[in-house]
Amino acid sequence: MTTLTDLYPTRGTAEVAVPRQDPVVWGAPDTPGPLPETDLRTYERDGFLTVDQLISDDEVAVCRRELERLVGDPAVRADERSVVEPGTGEIRSVFEVHRLSPVFAQLVRDERVVGRARQILGSDVYVHQSRINVKPGFGASGFYWHSDFETWHAEDGLPGMRTVSVSIALTENHDTNGGLMIMPGSHRTFLGCAGATPRDNYKKSLQMQDAGTPSDEALTTMAAQFGIKLFTGRAGSATWFDCNCMHGSGDNITPFPRSNVFIVFNSVENTAVEPFAAPVRRPEYIGARDFTPVR
């Protein structure tokens, strides 16, 4: 367990709400990068930012072929970095794709991607986590409401909220096929969840989250205060969102698949220490310990 001051206590005997202690946008208004100042202000206010077309149709096609190659590779399926649906055995996620695939490694280094992360976080960044998420039609399960930071703080040891995620759509996001939902403004309140973290919790939580799950009462209060935004858009669009946003997604029972590549950038000035509320670290393919800046 870490001996650093814990600004965001969680996994205790009771659920507790704590005001955010960190900035949302760390970079100065004149920090060079792809984002105009108006977008940075929107991100600071809402905790997220959408980009209608981050990558082109041709680039989407390349990424889609690479996703299909990875999902169809028996060696990838057998790798511990792959997570399967508990019911069907189909691949749900593949982690550390920027190390498994030169296509996704190049995407991580693309200035349209990493440049936005540097602007928001105000420093060089490294990849804390990367994965592809696959939601085929007819029954792919969703991700329950949660704050990523709550997990990354408790189980990976990220000290502060200086982390940003981008979800890049590789298929069209309809309002019916299990799209991302975020509570706008929820990033300004940290919800510390009740209940201890089981050892090797990730083996269960990556399929069905339990520890680190907010109560129905807390979610009802937050939804009444902040509302819920559902993200739709064509393939190639992207959603950038703060690590402390309360978010989730529903099951996909439509015939229309939903797949995305998900990249988490953390500031090199916010590197992971020992977990704040877990008996052991998660594996490095889930929570990186290589803090080399993206170049």
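Student: What should I know before I start reading values?
Tutor: This is a predicted model, where local features need pLDDT of at least 70, side-chain atom pairs count only at pLDDT 80 or more, and totals for chains, interfaces and linings use all residues. Residues are numbered from 1 along each chain as its sequence is written, and side-chain values use heavy atoms, with hydrogens and water left out.

Student: OK, sheets. What is the strand order in the seven-strand one?
Tutor: The order is β2-β11-β7-β13-β5-β4-β3, an open sheet with antiparallel pairing. Strands here are DSSP E runs of at least two residues, helices are H or I runs of at least four, and both are numbered from the N terminus. Two strands pair if DSSP finds at least two bridges between them.

Student: Which strands stand at the edges?
Tutor: β2 (48-51) and β3 (82-84). Each has a single partner strand, so one side of each lacks a neighbour in the sheet.

Student: And how are neighbouring strands turned against each other?
Tutor: By 15° on average, direction ignored. Axes are lines fitted to C-alpha atoms, for helices over the stretch in contact, and angles run from 0 to 180 degrees between N-to-C directions.

Student: How many bridges between β7 and β13?
Tutor: Seven, with β7 (residues 163-169) and β13 (residues 258-267) antiparallel. I168 stands opposite V261 in β13.

Student: Which helix packs on that sheet?
Tutor: α6 does, touching β2, β5 (125-135), β7, β11 (238-242) and β13. Its direction makes about 45° with that of β13.

Student: What about the core? Which residues touch the most other members?
Tutor: L107, V113, V166, I168, W240 and F265, out of 40 residues in the largest nonpolar core. Helix α6 (residues 111-121) gives the most to this core, with five residues. A nonpolar core is a set of buried Ala, Val, Leu, Ile, Met, Phe, Trp, Tyr and Cys residues joined through side-chain atoms within 4.5 Å. Buried means under 20% relative accessible area, exposed over 50%, partly exposed in between (1.4 Å probe, protein chains only).

Student: What does I168 contact, away from its sequence neighbours?
Tutor: Leaving aside neighbours within four places, the contacts (heavy atoms within 4.5 Å) include L54, I55, L107, V113 and V261.

Student: What is in the second core?
Tutor: That separate core has 19 residues, among them F149, L158, I182 and C245.

Student: Now the four-strand sheet. What order?
Tutor: β6-β12-β8-β10, open and antiparallel. β6 (143-147) and β10 (229-230) are at the edges. Three bridges join β6 to β12 (residues 246-249), and S147 has M246 as its bridge partner in β12. α7 lies across β6 and β12, at about 70° to β6.

Student: Salt bridges next. How many in the whole structure?
Tutor: The search finds 20. Each is a side-chain nitrogen of Lys or Arg within 4 Å of a carboxyl oxygen of Asp or Glu.

Student: What does R20 pair with?
Tutor: D242, with the closest N and O atoms 2.9 Å apart. R20 lies in the loop between β1 (16-19) and α1 (37-46) and D242 in β11, so the pair ties together parts 222 residues apart in sequence. Both R20 and D242 are buried.

Student: And R282? Which partner, and is the pair buried or exposed?
Tutor: R282 bridges to D156 at 2.8 Å. Both are buried.

Student: Which residues form a salt-bridge network?
Tutor: D79, R81, E96, R99 and D290 are joined through shared partners.

Student: Last one: E155. Where is it?
Tutor: In helix α7 (residues 148-156). E155 counts as buried because its relative accessibility is 3%.

Student: Which side chains make polar contacts with the side chain of E155?
Tutor: R11 at 3.0 Å and N201 at 3.1 Å. A polar contact is a pair of N or O atoms within 3.5 Å; within protein, one must be able to donate a hydrogen and the other to accept it, and residues adjacent in sequence count only if both atoms are side-chain atoms.
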